Amino acid sequence: MNVWVINHYASTLQTGFGGRWYYLSKEMASMGHHVRLFASANHHLLKNKPDLGVESILEEKHDGFSFVWLKTKNYKNAHSKLERLYSEFHFQKTIKSLHNKFEEKPDVIVYSSPSLVGYNGAYILSKKIGCKLIFDIRDLWPLTLIEMGVSKYHPFIIYLSYLEKKAYNSCSHIISNWPYAINYIKKYGIIESKFDWIPNGFSISEFLDPVELDKEIIRLIPNDKFIIGYTGTLGHANALESFIKAASLLKRNKNIVFMIVGSGKEKQNLVNQADKLGCSNILFLDSIDKKKIPSLLNYFSACYVGFLDIGLYKYGSSLTKLPEYLASNKPIIYASSSIFQPIKEYKAGITIPAEKPDQIAQAILELYSLDESSRQLMGINAHSAAVSNYEYKILANRLISIINKIGAK
């Protein structure tokens with residue numbers, strides 16, 4: 001089967017974090033399918049941007065599949081709003097004519113958000129080729145933006161709402177990493193049989209053969225403390241303010257250390273908050289290479305993940321870090337008021353409501369007070385859930401089954 005995946009913000013392991021579609025493409029290729037993954041060569045999530053020179057397109061081989069870079073408008077960072085938007089429209093225009101660039105045509109096209117802007121390009125491309133189009137919802141836009149405070153009457157939000165409705169109704173099938181997204185999509189007249197949940201996953205090979213941390217980082221990590229750790233983006237949506245407030249409540253306990261690993265818009269604000277609260281028990285580290293995440297998690301005694309207490313999460317959540325946390329064999333503190341409660345379901349840690357620093361602190365103390373065998377049992381449950389439900393090979397097989405179901409070949 002020939003599968004084309006279009007995701008504006010995809011990356012390779014050399015240029016970024018790889019992510020959902022890199023690993024799904026790799027696994028589909030290992031099953032014998034021919035996969036091309038198309039992405040912009042100039043987006044803000046790239047750590048090392050590919051050099052296309054004077055060319056507008058660059059095709060590379062990675063792990064058995066083709067990664068195709070498309071030159072689009074460059075911009076400084078995520079907050080260069082107009083230039084970033086122009087780049088998304090440029091990407092949309094570019095993908096409309098991809099059928100002229102390759103002799104071999106796809107049996108199916110998968111268009112993946114969060115950007116909705118490029119959907120029109122993928123839709124037109126699928127019509128020119130005469131193939132099925134699957135729409136992958138990574139974020140519920142524009143709902144996420146509205147929940148974060150943008151007015152639903154903003155002209156761009158209105159435009160995104162139009163695109164969203166068109167996408168749901170014109171695609172052949174919908175997949176999402178939000179487990180209950182169908183409850184939101186139903187308002188557009190979409191029936192449940194047109195929807196499937198494919199969560200984010202993890203690569204088991206990276207956990208079986210982990211890349212060790214740099215010695216400079218290892219020296220910073222205390223080896224005789226109970227470490228409750230977070231790794232990932234440091235943004236408003238990650239609710240790390242509550243995590244830091246919990247640290248302030250436990251700062252007199254010298255045996256518990258809070259570790260926050262990552263980068264993002266809110267990092268300096270979080271550092272300032274920790275300083276203001278006198279939290280010498282928090283260790284901030286910069287982002288590390290994705291292949292080193294399994295080694296980092298080995299140094300945690302427990303993992304933390306939190307959410308804002310907003311209505312958005314009644315449709316679940318789409319964390320990239322959760323499968324890796326589960327695979328790490330560590331207990332997890334899961335601070336969420338969502339109906340999606342995987343940690344409770346898997347008996348893999350402690351679940352508490354969102355944005356409750358006192359309850360976060362209490363949950364940490366509870367884990368800390370448990371005997372080692374009880375914590376290990378939670379970790380075993382977590383790992384078992386990861387291997388059974390979130391390994392990328394399993395998820396790729398699920399996707400191929402969906403493609404066969406809709407009759408793409």
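At 46% relative accessibility, Glu372 is classed as partly exposed in this predicted model, and its side chain forms a salt bridge with that of Arg375, with an N to O distance of 2.7 Å. Arg375, by contrast, is buried, its relative accessible area being 12%. Both residues belong to helix α15 (residues 372-389), where they are separated by three residues, about one turn of the helix.

In total, the structure contains 11 salt bridges. Among them is the contact between the side chains of Lys290 and Glu206, at 3.6 Å from N to O. This pair connects distant parts of the chain, 84 residues apart: Lys290 is located in the loop between β11 (282-285) and α11 (293-298), and Glu206 in helix α7 (residues 204-208). Lys290 is buried, with a relative accessible area of 13%, and Glu206 is likewise buried, at 8%.

A salt bridge of 2.9 Å (N to O) joins the side chains of Asp214 and Lys292. Here too, distant parts of the chain are linked, 78 residues apart, with Asp214 in the loop between α7 and α8 (215-218) and Lys292 in the loop between β11 and α11. Asp214 is partly exposed, with a relative accessible area of 35%, whereas Lys292 is buried at 17%. Elsewhere, Arg36, Glu59 and Glu104 are connected in a network of salt bridges.

A search of the whole structure identified one cavity of 30 Å³ or more. The volume of the largest cavity is about 80 Å³. Its lining includes Asn177, Trp197, Phe340 and Tyr390, and the lining residues comprise seven nonpolar, four polar and no charged residues.

How values were computed: Residues are numbered from 1 along each chain as its sequence is written. This is a predicted model: local features need pLDDT of at least 70, side-chain atom pairs count only at pLDDT 80 or more; totals for chains, interfaces and linings use all residues. Side-chain values use heavy atoms; hydrogens and water are left out. On a 1 Å grid over the protein atoms alone, a cavity is a set of points where a 1.4 Å probe fits but cannot get out, and a pocket is an open set with protein on both sides within 12 Å along at least five of seven lines; lining residues have an atom within 4 Å of a point. Grid points are joined across faces, edges and corners, and a volume is the space filled by probe spheres set on the points. Ala, Val, Leu, Ile, Met, Phe, Trp, Tyr, Cys and Pro count as nonpolar, Asp, Glu, Lys and Arg as charged, and the others, Gly among them, as polar. A salt bridge is a side-chain nitrogen of Lys or Arg within 4 Å of a carboxyl oxygen of Asp or Glu. Helices (H or I, at least four residues) and strands (E, at least two) are DSSP runs, numbered from the N terminus. Buried means under 20% relative accessible area, exposed over 50%, partly exposed in between (1.4 Å probe, protein chains only).
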